[in-house]
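Hi,

Here is the structure I promised to pass on. Have a look, and my notes follow below.

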Amino acid sequence: MLPRAGLAALCPLLRALRSAPGAAMSTGTFVVSQPLNFRGGARVQPADASGTEKAFEPATGRVIATFPCSGEKEVDLAVQDAKAAFKIWSKKSGLERAQILLEAARIIRARRDEIATVETINNGKSIFEARLDIDTAWQCLEYYAGVAGSLAGEHIQLPGGSFGYTRREPLGVCVGIGAWNYPFQIASWKSAPALACGNAMVFKPSPFTPVSTPLLAEVYVEAGAPPGLFNVVQGGAATGQFLCQHGDVAKVSFTGSVPTGTKIMEMAAQGIKPVTLELGGKSPLIVFADCDLENAVKGALMANFLTQGEVCCNGTRVFVQKEILNEFTEQVVKQTRKIKIGDPLLEGTRMGPLINRPHLERVLGFVKLAKEQGAKVLCGGDLYVPEDPKLKDGYFLSPCVLASCTDDMTCVKEEIFGPVLSILSFDTEAEVVERANNTSFGLAAGVFTRDLQRAHRVAAELQAGVCYVNNYNVSPVELPFGGYKKSGFGRENGRVTIEYYSQLKTVYVEMGDVDSAFESGP
């Protein structure tokens, strides 16, 4: 049974999907007519606005939604609704919360294709990838449902029969601010641990990808969550500022760029609010000569070309030991040229368009500068025009491999956030570890080698929050994800994340008389 204003009501495209499972889908037909804000258990038009935004379909360049940015009054209403829901939700047992999270996971799993279709249309990534993103979303809810029932403090025995105990308690109303590369997944990754710990959440998606997060809000309501437990406000920087500075917000979790993360941290500091920041990266992927070459090549493609290269943890600095440099490079170029680019809703497509025109121009600028600084373009790096005429205005770029790169080049130092792989050579382990760590970022890193001792030794030396050995860009929900240095702090996923969405209370219980320093004398 669909909730009010549910998925299939969004547009004719999804109605067709629901009525004819397996029917062929196509771009260029999706238009959002419903409100994209969600509070109090329903979609609503914002009470006030601080401007208007447009969302595009990257594959065609069409506008698919025009929506008001939530103003200060709308943000306050969303926070107050969340605050009211928190009073109900925080009193439930962990098992009661788990049951609702499990039901929400079941609904998402059942509607996987529909939600993935919306994600692909608004984000541009291939439907193949989008389905995997939706899988990690419901898996995250299932995982934290399992954690919810096990949240507990500890009992500490003290002298004289006295004792103490700790309670792990929710924070209150948490704010999640998402990025445009994984809209539905990020909303799930932030809300699942927050709700499992007993919090409520107000979530602001990127204004580039506003469409899919309200679907998650509808799922929570249908699963039985109190109205207002997960609210969605739309907008840009001004809306985010209203959220971060709201007096009833207890915590902010942000995924996005370093400059924006810096501003959010400054705003949160004014209210002494805890912050989780998952920011940018310029991650190294180290390929030693003793690696399994076929797996290393596959790992390099996974590290650079998922979601059109628009992934914060991508291993874009590929360090290859000189003994295998030529062979590795040849194979990477060969496989990169085979990547099928085009309509992201077609099953065979593996790379869709970039998020928007300005970002496409930005990535092209990085490739141009790389050539000027001496890098060699072995393939790609150009505008790509698919054969389908309806995609002629899409934001497509052919995946690019750069060779002859050096550590001082801009393409090696700065985050490009596009399908651009830079190859660098190295001689020794000590050398490459030092070069890999020579960055202000520290989100991820990768190592390909058959030497077990080397793998663990290098992983221990790399200054990154996530290290991959003989693979890259796999993110099981059981494992914490987050960065070092300017890539942020705090973690998503894994059991440790409950510490970022809860607070610890200590209770001391005296079982004897008070031993007072001020006891009166004779």
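Two strands count as paired if DSSP finds at least two bridges between them, and strands (E, at least two residues) and helices (H or I, at least four) are DSSP runs numbered from the N terminus. Keep in mind that this is a predicted model, where local features need pLDDT of at least 70, side-chain atom pairs count only at pLDDT 80 or more, and totals for chains, interfaces and linings use all residues. Residues are numbered from 1 along each chain as its sequence is written, and side-chain values use heavy atoms, with hydrogens and water left out.

On to the sheet. Gly164 stands opposite Tyr508 in S20. Strand S6 (residues 163-170) runs antiparallel to S20, and eight bridges join them. Three strands make up this open sheet, in the order S5-S6-S20, with antiparallel pairing. Strand S5 (155-157) and strand S20 (502-509) are the edge strands, each pairing on one side only.

Next, Thr439, which sits in the loop between helix H14 (429-436) and strand S17 (444-448). Thr439 has a relative accessible area of 18%, so it counts as buried (under 20%; exposed is over 50%, partly exposed in between, with a 1.4 Å probe and protein chains only). Leaving out residues up to four places away in sequence, Thr439 touches Lys282, Arg317 and Lys485 (contact means heavy atoms within 4.5 Å).

Last, Ala98 in helix H3 (residues 94-110). Ala98 is buried too, with a relative accessible area of 5%.

Cheers
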